[in-house]
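User: I would like to learn how to read the sheet and the nonpolar core of a structure. Please take me through one case.

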Amino acid sequence: MQLDQIAFGITDWDTVEETVHPGAAGEARWRTRQFGNVRVRRVSYTPGYLADHWCSKGHILLCLAGELDTELADGRRYTLLPGMSYQVADNAEPHRSSTRTGATLFIVD
């Protein structure tokens, strides 16, 4: 990832417009900033959220609050708690998210 043409700035995530993305169950609420070709998001999943798709996009994801369950297409499963992160490359390992309790994430992709 090359970060260039980005001036120093501060983001107050509570003031960024929220968009709602329904899952197979529950919903994801995104607050998104775009810096060149880098997308940065604070995402909140409602309790009981289940993604409606397998994702092949690469991410660096940090769990800020709650508990996030991630399933890989090959059957592996991982649980992230606050302070834990994962990283995956584009088109490397399809994955999908769910949460029983709700979760808030910081995602760079």
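This is a predicted model: local features need pLDDT of at least 70, side-chain atom pairs count only at pLDDT 80 or more; totals for chains, interfaces and linings use all residues.

User: In what order do the six strands lie in the open sheet?

Analyst: Strands are DSSP runs (E, at least two residues), numbered from the N terminus, and two of them pair if DSSP finds at least two bridges between them. Here the order is β1-β2-β3-β9-β4-β7, with antiparallel pairing. β1 (18–22) and β7 are the edge strands; each has a single partner, so one side of each lacks a neighbour in the sheet. From one strand to the next, the twist averages 25 degrees, taken between axes fitted to C-alpha atoms, with angles from 0 to 180 degrees between N-to-C directions.

User: How many bridges join β3 and β9?

Analyst: Six, in the antiparallel sense. Val-43 stands opposite Leu-105 in β9.

User: Which residues have the most contacts inside the largest nonpolar core?

Analyst: In soluble globular proteins, nonpolar side chains tend to be buried together. A nonpolar core is a set of buried Ala, Val, Leu, Ile, Met, Phe, Trp, Tyr and Cys residues joined through side-chain atoms within 4.5 Å; buried means under 20% relative accessible area (1.4 Å probe, protein chains only). The largest core has 14 residues, and Tyr-45, Leu-61, Leu-68, Leu-80, Tyr-86 and Leu-105 have the most contacts inside it. β9 gives the largest share, three residues.

Methods:
Residues are numbered from 1 along each chain as its sequence is written. Side-chain values use heavy atoms; hydrogens and water are left out. Buried means under 20% relative accessible area, exposed over 50%, partly exposed in between (1.4 Å probe, protein chains only). Helices (H or I, at least four residues) and strands (E, at least two) are DSSP runs, numbered from the N terminus.
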